[in-house]
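Hello, and welcome to this structure. Here are a few notes to read alongside the view below.

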Amino acid sequence: MIETRKLLIAISIGLMFTGCNTSGQKTEQSNCEPNKVPVDTVINKLIQADLFNITDLKYLDSAKQDLIDSYVKYDYFGGYTYPDSLRYVDFRFYNIDSEELFEIGGLTEYLDLVKPTFERLEIKFDYKNERSIDNDNYWKHTIEINGKEYVAFEGIMESHDLWDKAYLNFIEMLNDQLRLQTSEEQFYPIRSANDGMMVMLTKKQFEIVKKYYPNDNDHPKSIDNWINQNK
């Protein structure tokens, strides 16, 4: 199911890379940001902060070069995907279709997707006992991760923000497990809806991104800031 969205997301990313940052879209440095910090400064800071410490080594050079090109050409912080895939070689970025995540079967599908990241960090990540309580127009959806129960969604099915709630709950349950196991990593929301995205960063990495990349809808934010921006 995830792979079938490749064309839609590719088109969406292509549309981001036009125009100036004042509209939340991407632009080439020469057109809109002539005083941008030199690329070596930014990329070296991210490398020194261990951005690539769990990257697939086969694609490490490609991932670094893609990060450089994206900064120079588009002022964009993103990941490099495997050939003919939506999966990222750095094991940090994830495309999230929030509608798919919300639907039956979507939660375990995305837990399966992020599990390799936890394994690379040597963090326990077992999940079971997925349950749904459906009472007329009310739905409560839960799952256990490492023996702790989490709410994937709870509320009225006619709510206008069903997908956003599922998206944020998903990020929060992952972050809770990272905190419980004393990891410095946390997932940060970027976008929700059909072309959603999240990224896992340390606090140091996140601060570098905040400092040197645009504060727009295509870059990571704290959950509170994301909620305030998206209402």
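This is a predicted model: local features need pLDDT of at least 70, side-chain atom pairs count only at pLDDT 80 or more; totals for chains, interfaces and linings use all residues.

1. Stepping back, you will find an open sheet of three antiparallel strands, ordered β2-β3-β4. Because β2 (127–135) and β4 (148–156) are the edge strands, each with a single partner, one side of each has no neighbour in the sheet. From one strand to the next, the twist averages 10°.

2. Which helix lies across β3 and β4? Look for α7 (residues 162–180), which runs at about 165° to β4.

3. Next, turn to α4 (residues 60–74). Its 15 residues reach 21 Å from the first C-alpha to the last, close to the 21 Å expected at 1.5 Å a residue. L60, A63, L67, S70 and Y71 are the buried residues of α4. Down the helix axis they fall within an arc of 95°, so they line one face of α4.

4. What do those buried residues of α4 pack against? Their partners are α3 (39–48) and α8 (203–212).

5. Finally, the whole chain: it has nine helices and six strands, and 48% of its 231 residues are buried. Of the contacts between residues at least 6 apart in sequence, 57% join residues at least 24 apart. The chain exposes about 11,700 Å², with carbon and sulfur atoms supplying 49% of that area.

Key:
Residues are numbered from 1 along each chain as its sequence is written. Side-chain values use heavy atoms; hydrogens and water are left out. Helices (H or I, at least four residues) and strands (E, at least two) are DSSP runs, numbered from the N terminus. The expected span of a helix is 1.5 Å times one less than its number of residues. Buried means under 20% relative accessible area, exposed over 50%, partly exposed in between (1.4 Å probe, protein chains only). The arc is that of the directions from the helix axis to the C-beta atoms. Contact means heavy atoms within 4.5 Å. Accessible areas come from the Shrake-Rupley method with a 1.4 Å probe; for residues, only the protein chains shown count as cover. Two strands pair if DSSP finds at least two bridges between them. Axes are lines fitted to C-alpha atoms, for helices over the stretch in contact, and angles run from 0 to 180 degrees between N-to-C directions.
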